[in-house]
Amino acid sequence: MQILMVGTGYVGLVTATCLSEMGHHVICLDIDQKKISDLQNRVLPIYEPGLKELVDRNTQAGRLSFTTDYREGVRQSSVCFIAVPTPSLSDGSCDLSYVYAAASEIAKHMDDYKIIVNKSTVPVGTAAQVKELISAILREKNAEFSFDVVSNPEFLKEGCSISDCMKPDRIILGVENSNAAKTMRELYSAFTINHDRIFVMDTVSAEMTKYAANAMLALRISFMNELAHLCEKTGANIKEVRIGIGSDQRIGYQFLYAGVGYGGSCFPKDIRALSSIAKQWDVEMAILDSIEDVNKRQKKILPEKILSYFSSHNGIKDKTIAIWGLSFKPDTDDIREAPALDLITKLLEHGAIIRAYDPVAMPSSPNIFGSSAQFCQDEYDAALNADAIVLVTEWKQFRFVEFPKIVPHLRHRVLFDGRNQYQLSEMEALGMEYFGIGVPSSRQSLSSTAFSLQTKLDSLKKNLHETHSI
């Protein structure tokens, strides 16, 4: 098929590239001339494992091209995807201006039947609004072209989006008639040869499905983070608890990791947008509101641990803190709402000196911190003469760090593990203090927990004795 993809961000560029890999001819359109010029010169605006190789191959094969010309893109295509940003407004609702702008431009240049596919994450009812907008523009042109609007939400995970796109768990199609459904099935047929993973429904349900999926995943993360806090108080180990509940097939293991909170371009924005939708319909969703509250609180946990530790070491002012990881998750350069940003900002406010390293996200970070944070060549460089190491993003290369090379050069031998990647016993064997999230940390922490439990036990015994006396 001849396809137009409006938008060359994560969703647009990955989806367009995978469609071209399956044999379709795809034109990627963006109003950013520099971005298009870079893409034409094989310079990608994002980092995603395996993406550049696919872009190069399909560009060379003539199946993937890039333009800023709506007239060229629309008239050469039978299916027009909209994959533009839908950022949050100040009230948490979804900004649809980019979606409407793209739909308007498509309508202006339509010369025959088109299927307009909304790939952006949008509030319930957007497909109907886009349809009305296009109809109004066509009426102004005195054009009688028919068209269909399809809702086709994306379910790509940054860092493994190529695999998610090529081997999808499911493909959701919100359609209004069987003809559009048939065309979309044909478009995605190469992705579902082994198993039919295409689910056809109405556009409103398709739009809601996207928000519901992200809300459920964010809920699991926030629940585990809240439970981790209780584990620290009681002496339980959140990693063991995860195994205990994840082995239940009704629950499973995915998205049950305690840590420093979620970030990125999807979960925070989509939780706020869904909450806004609920308020518009006067529906109270207490759980939804709690998800974000817990996540905001969780991003404060790690800096609080660090500040508390250094309060007994003459404060954190002028202490050098090595930060491992800046992106909100590994295998991406995306730092939007990344927990590392909150952490670094808090430590800088208290006078700490930051030495940070991330395998791919550093180029976009200096604009945020200016000269306040020093960016290093690798994790070893960041830790040189540091007073503490803080793991924020669980990049694979951080799993096999040669700590014996680092420990002799630390001024304070302490590690704060925001992802529970390391083990207390391993760190203590190296002579280091260790603090994780919801897991046994330093011996001091364990002693404190034991003292707390003993205090409660003594109180319980006292109450029982008084009750027996009565």
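User: What are the ground rules for the numbering and the values?
Analyst: Residues are numbered from 1 along each chain as its sequence is written, and side-chain values use heavy atoms, with hydrogens and water left out. In this predicted model, local features need pLDDT of at least 70 and side-chain atom pairs count only at pLDDT 80 or more, while totals for chains, interfaces and linings use all residues.

User: Why is isoleucine 243 called partly exposed?
Analyst: Buried means under 20% relative accessible area, exposed over 50%, and partly exposed in between (1.4 Å probe, protein chains only). Isoleucine 243 has a relative accessible area of 45%, so the residue is partly exposed. Isoleucine 243 is found in helix α10 (residues 238-246); helices here are DSSP runs of H or I with at least four residues, strands are runs of E with at least two, and both are numbered from the N terminus.

User: What makes tyrosine 188 and phenylalanine 191 an edge-to-face pair?
Analyst: A search of the whole structure finds eleven aromatic pairs. Tyrosine 188 and phenylalanine 191 form one of them, at 5.8 Å centre to centre with 65° between the planes. Rings of Phe, Tyr and Trp (its six-membered ring) pair if their centres lie within 6.5 Å; planes under 30 degrees apart count as stacked, over 60 as edge-to-face and the rest as tilted. The pair is therefore edge-to-face.

User: How do you know whether tyrosine 188 and phenylalanine 191 are buried or exposed?
Analyst: Tyrosine 188 has 5% relative accessibility and counts as buried. Phenylalanine 191, with a relative accessible area of 4%, is buried.

User: Why is the pair of tryptophan 324 and phenylalanine 403 called tilted?
Analyst: Tryptophan 324 and phenylalanine 403 lie 6.0 Å apart centre to centre, with 40° between the planes, so the pair is tilted. Because tryptophan 324 lies in strand β9 (residues 320-324) and phenylalanine 403 in helix α17 (residues 403-406), the pair ties together parts that are 79 residues apart in sequence. Tryptophan 324 and phenylalanine 403 are buried. Ring pairs link Trp324, Phe403, Tyr357, Phe398 and Tyr422 into a cluster.

User: What share of the residues in the protein is buried?
Analyst: Of the 470 residues in the protein, 51% are buried.

User: How many helices and strands are there in the protein?
Analyst: The protein has 19 helices and 14 strands.
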